[in-house]
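This report describes the fold of a single protein chain and some of its local features. Please consider the sequence and the structure together.

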Amino acid sequence: MTVRTRVAPSPTGDPHVGTAYIALFNLAFARQHGGQFILRIEDTDQTRSTAESEQAILDSLRWLGLEWDEGPDVGGPHGPYRQSERKHIYKDYALELVEKGFAFHCYRTPEELDELRELRRAEGKHTALKQSDLALPEEEVARRAAAEMPFVIRMVVPEEGVCEIEDMLRGTIEMDWGQVDAQILLKSDGMPTYHLANIVDDHLMAITHVIRGEEWINSAPKHKLLYQYFGWDMPVLCHMPLLRNPDKSKLSKRKNPTSILYYKRMGYLPEALLNYLGRMGWSMPDEREKFTRQEMFEHFDLTRVSLGGPVFDQEKLSWLNGTWIREELNPEQFAQAFIEWGLNPEYLKSIIPLIQPRVERFSDVAPLAGFFLSGMLPINEESFAHKSLTLDDVRRILQFAAWQLDQQADWDKDVLFGVLKQLAEPLGFKIRDFLFPLFVAITGTSQSVSVVDAMGILGPDMSRARVRFALDKIGGPSKKETKRWEKEFQALQQS
């Protein structure tokens, strides 16, 4: 048997370090066994998936030194490798399950589903809905079908009993079928859910080992059931521990930058970041902290993974990165790496039009453009002193801007100005005053180039990180303020 592993990211946002972490362990396992590693794009969420996000994922993984044997850009015998290009495949499999009695058409409306869940909650039961809960009288099903009302295809799930899942790291996991709902397999738009597409693709692509995050443990019973329904052999499962913030909470961009692009923009070496990800829950036999990708592959043993949540600590990463810089780069290599990072022609050409009108001597360049080559800026409470804004105004503006920027997909400078202007007006601020705290947070001063131009060049990852850093410096909202401001922000989004 040829070992075949895969990583299957969704192109719905910035490339996540968690994706790289799972990809690294899948690649290491495949290489250890002389097998193959596949990259598959799971873009079933057509409303959020973008070509730009997909390309960023491919570029970021390659920057880290993670290569795949088959994928959407390199091809392979099991393509296509984008789920959106395999849509016709899934429908046939969903209908096969319906014919076998393992799935059913569900015409329930969203309102009816909410009522059913509320009823179960009131009765002290799990809110997982079964076929018996969702059943409608035959004549009502016929009426809705004749009226061409939207429907989904759901899988049949046992009402009671225990499902046993075998896991490489955790042994036998027992889960109550009562907590597993009748999962939607095919959505009303004809697109499959992750669960159906995942199983079908893994089977057709001959995946032998599924190494994924532990957040998928609760989905494992559904997946095991689908393999049984289709009569297919199930891949070996291994659920990796989740990356954690220093406070042990799940790694999230609100507490820790999660985008690979952020760490690239900060000036981390790809070798060092990959080394650090390799230390997340795993260690070399001799416990050394610095090792190359090839050294990891040569000594890799998946059973050495610790189930304790590995902490993604930026200070530790910076220490390791500094070790790589000092030990692996001579002065000539250091200079070349720095030029490629911050002084490459493409990056400089984006900055020069903003600073050239302000330059009288070349010695003016560093003060004007230094923030483009920096990480977090040396700002404090005094940096935000303003004749028309109180400190509470500044805190409020930065928090509302942070929430707005977190959900902003289009990072064009004109679009950014538009959404910030739409936020400023209902909050009662002139756009000039509203942008002042952002000038300081993004550039370190209010006397700088256009803040939206700067954000466009720095990108969403660095821009968001600097706004959050500024909030931390002046004191973010209290729990009461957060609740109150969140309600206000949501109301603004709906207006």
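Between which helices does the loop containing Glu-287 lie? Glu-287 is in the loop between helix H10 (270-278) and helix H11 (293-299).

## Basis of the model

The model is predicted; local features require pLDDT of at least 70, side-chain atom pairs count only at pLDDT 80 or more, and totals for chains, interfaces and linings use all residues. Residues are numbered from 1 along each chain as its sequence is written, and side-chain values use heavy atoms, with hydrogens and water left out.

## Overall architecture

The protein chain contains 20 helices and nine strands; these are DSSP runs numbered from the N terminus, with helices (H or I) of at least four residues and strands (E) of at least two. The radius of gyration is 26 Å, close to the 23 Å given by the globule rule for 495 residues, so the chain is as compact as a globular protein of that length. This radius is taken over C-alpha atoms, and the rule is 2.2 Å times the number of residues to the power 0.38. Along the principal axes, the C-alpha atoms fill a box of roughly 80 × 55 × 40 Å.

Of the 495 residues, 49% count as buried (buried is under 20% relative accessible area, exposed over 50%, partly exposed in between, with a 1.4 Å probe and protein chains only). The accessible surface comes to about 23,900 Å², and carbon and sulfur atoms account for 50% of that surface; the areas come from the Shrake-Rupley method with a 1.4 Å probe, and for residues only the protein chains shown count as cover. Among contacts (heavy atoms within 4.5 Å) between residues at least 6 apart in sequence, 75% join residues at least 24 apart.

## Helix packing

Helix H14 (residues 345-355) packs with helix H19 (residues 451-474) at an angle of about 175°, the axes being 11 Å apart. Axes are lines fitted to C-alpha atoms, for helices over the stretch in contact, and angles between N-to-C directions run from 0 to 180 degrees. H14 and H19 are therefore roughly antiparallel (over 145 degrees; under 35 is roughly parallel, 65 to 115 roughly perpendicular and the rest oblique). H14 contributes Tyr-347, Ser-350, Ile-351 and Leu-354 to the contact, and H19 contributes Asp-453, Ile-457 and Leu-458. Five of the residues in the contact of H14 with H19 are nonpolar, one is polar and one is charged. Nonpolar covers Ala, Val, Leu, Ile, Met, Phe, Trp, Tyr, Cys and Pro, charged covers Asp, Glu, Lys and Arg, and the others, Gly among them, are polar.

For helix H16 (residues 391-406) and helix H18 (residues 431-443), the angle is about 75° and the axes are 9 Å apart. H16 is thus roughly perpendicular to H18. Val-394, Ile-397, Leu-398 and Ala-401 of H16 meet Asp-433, Phe-434, Pro-437, Leu-438 and Ala-441 of H18. The contact of H16 with H18 has eight nonpolar residues, no polar residues and one charged residue.

## Local features

Leu-113 belongs to helix H4 (residues 110-122) and counts as buried at 12% relative accessibility. Leaving aside residues up to four places away in sequence, Leu-113 touches Arg-108, Leu-129, Leu-134 and Arg-154.

Most residues other than glycine have a negative phi, and most peptide bonds are trans. Glu-287 has a positive phi of about 70° and is exposed, with a relative accessible area of 52%. Glu-148, in the loop between helix H6 (138-146) and strand S4 (152-155), has phi near 55° and counts as exposed at 70% relative accessibility. The peptide bond from Gly-79 to Pro-80 is cis, with omega near 0°; Pro-80 is found in the loop between helix H2 (51-63) and helix H3 (87-100).
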